[in-house]
Amino acid sequence: MMFPEIALFVFASAVICVGCLVPASWLPPIRNDKWMHFIAFAGLSVLARLVVHSNEELVYWFAGLLLAGLLIEILQHWVPGRQFCWRDMAANTAGVGTIASLLFFYSFVDHVG
């Protein structure tokens, strides 16, 4: 693990958590924020890959990201104007899953070729 990558991951995670847990009235009106959820969790997945170097450890990091997304959605119950949304959770999962799939495919192609 390298310090700059860890620092960037922690900073990005904090920014995403704050953005997800501030009252809705503090945010600009967004009609559909699912792409933001997808991009945020895909980005965290890419950063996680930079932090760890074994696929086994990366699986745990991806699971942790999915649990963090679930926890954020649950905590929104107590944030004014926010609520748990299965579609947000699906977008978070799709972001992590897309990066995991791409990394798996890249690893597979790299080992075959």
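**View A. Salt bridges across the whole structure.** A search of the whole structure finds two salt bridges, a salt bridge being a side-chain nitrogen of Lys or Arg within 4 Å of a carboxyl oxygen of Asp or Glu. The model is predicted: local features need pLDDT of at least 70, side-chain atom pairs count only at pLDDT 80 or more, and totals for chains, interfaces and linings use all residues. Residues are numbered from 1 along each chain as its sequence is written, and side-chain values use heavy atoms, with hydrogens and water left out.

**View B. The network of Asp33, Lys34 and Asp88.** Salt bridges link these three residues in a network. Asp88 and Lys34 pair up, with their closest N and O atoms 2.6 Å apart. This pair links distant parts of the chain: Asp88 sits in helix 4 and Lys34 in helix 2, 54 residues apart. Helices are DSSP runs (H or I, at least four residues), numbered from the N terminus. Lys34 also meets the side chain of Asp33 in a salt bridge, at 3.0 Å, N to O. Is Asp88 buried or exposed? Asp88 is buried, because its relative accessible area is 6%. Buried means under 20% relative accessible area, exposed over 50%, and partly exposed in between (1.4 Å probe, protein chains only).

**View C. The largest nonpolar core.** This core has 18 residues. A nonpolar core is a set of buried Ala, Val, Leu, Ile, Met, Phe, Trp, Tyr and Cys residues joined through side-chain atoms within 4.5 Å. Those with the most contacts inside the core are Phe9, Ile16, Phe41, Leu44, Phe62 and Leu65. Helix 1 (3–21), helix 2, helix 3 and helix 4 (86–112) each supply at least two of its residues. Helix 2 gives the largest share, seven residues.

View D. Leu44 lies in helix 2 (residues 34–51). Leu44 counts as buried because its relative accessibility is 5%. Leaving aside neighbours within four places in sequence, Leu44 is in contact (heavy atoms within 4.5 Å) with Phe9, Ala12, Ser13, Ile16 and Leu65.

View E. Leu70 belongs to helix 3 (residues 55–75). Leu70 counts as partly exposed because its relative accessibility is 31%. Leu70 and Leu44 are 26 residues apart in sequence and 15 Å apart in space, C-alpha to C-alpha. Leu67, Leu70, Leu71, Ile74, Leu75 and Trp78 form a nonpolar patch on the surface, together with about 600 Å² of accessible area. Patch residues have over 30% relative accessible area and no salt bridge, with nonpolar side chains (Val, Leu, Ile, Met, Phe, Trp, Tyr) joined within 5 Å and like charges within 9 Å. Accessible areas come from the Shrake-Rupley method with a 1.4 Å probe; for residues, only the protein chains shown count as cover.
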